[in-house]
Amino acid sequence: MRHVVGFLSGLILGPMLLLVTGWAFAHLRGLHAAGMSVLQGSGPVALAGLVGVGLLVALVAVPPRMTPMLPFSAALVLGGASATALVRMHLLERLPVLPGTEGALTLLPLGVFVPLTLVLLAPLFVGTRWVREEEGLTEEDYFDGLYDEDDEGGARPRSSTRAEPVPAHHEPRHRLEDDH
């Protein structure tokens, strides 16, 4: 079930990455055309958007316990959009105009999203991400190696010293002594 949810989430994440990156690119290109610094106008907001994209990609690609279907489906969207931009750009131009579409349509034929696609495809080939590990120790793990086998076939505790029998009446080791 987690793979299905991850795949569907990645189908939402892919276009979001495209649009946020395109939106930030359009703002930064406008600042550059006006001769302004990145720290002026809407530059800090555009940089924050790019930082957000980087953090989101890192959170999707790096954690070892997350399903690999989330980054895989996001990579499908990015790679498919990049390939479509190279082969049939007129199909992408028919998409609804949203904030960031103009910048994304400028970046797609340049191949800017191809390295990002490869980074998001990498978790697909990590075998440990496909299997969910149980938390804590199982009963077999707990008792594994607790007892060693004797030569006579009986089990004995692993420690080399024998435990002392517990007396029926336990006296504390340290007593308060009266100074009288």
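1. A word on terms to begin: a residue counts as buried under 20% relative accessible area, exposed over 50%, and partly exposed in between, with a 1.4 Å probe and protein chains only. By that scale V4 is partly exposed, because its relative accessible area is 47%. V4 is found in helix α1, where helices (H or I, at least four residues) and strands (E, at least two) are DSSP runs numbered from the N terminus.

2. Please keep in mind that this is a predicted model, in which local features need pLDDT of at least 70 and side-chain atom pairs count only at pLDDT 80 or more, while totals for chains, interfaces and linings use all residues. Residues are numbered from 1 along each chain as its sequence is written, and side-chain values use heavy atoms, with hydrogens and water left out.

3. Now the overall picture. The protein has 7 helices and 2 strands, in the order α-α-α-α-α-α-α-β-β from the N terminus. Of its 180 residues, 24% are buried. Taking contacts (heavy atoms within 4.5 Å) between residues at least 6 apart in sequence, 71% join residues at least 24 apart.

4. M1, V4, V5, L8 and L11 make a nonpolar surface patch of about 500 Å². Patch residues have over 30% relative accessible area and no salt bridge, and nonpolar side chains (Val, Leu, Ile, Met, Phe, Trp, Tyr) are joined within 5 Å, like charges within 9 Å. A salt bridge here is a side-chain nitrogen of Lys or Arg within 4 Å of a carboxyl oxygen of Asp or Glu. M1 lies in the segment before α1 (2-33) and is exposed, at 77% relative accessible area. For V4, the C-alpha atom is 8.8 Å from that of L70, 66 residues away along the chain.

5. Which residues of α2 are buried? They are G43, A46, G49, V53, V57, V60 and A61. Seen down the axis of α2, the buried residues fall within an arc of 125° (directions from the helix axis to the C-beta atoms), so they line one face of the helix. They pack against α1, α3 (69-87) and α6 (114-121). The face turned away from this buried side carries the exposed V51, L55 and L59.

6. Lastly, the geometry of α2. Its 19 residues (43-61) should span 27 Å at 1.5 Å a residue, and the end C-alpha atoms are 27 Å apart, which agrees. The expected span is 1.5 Å times one less than the number of residues.

Technical notes
Accessible areas come from the Shrake-Rupley method with a 1.4 Å probe; for residues, only the protein chains shown count as cover.
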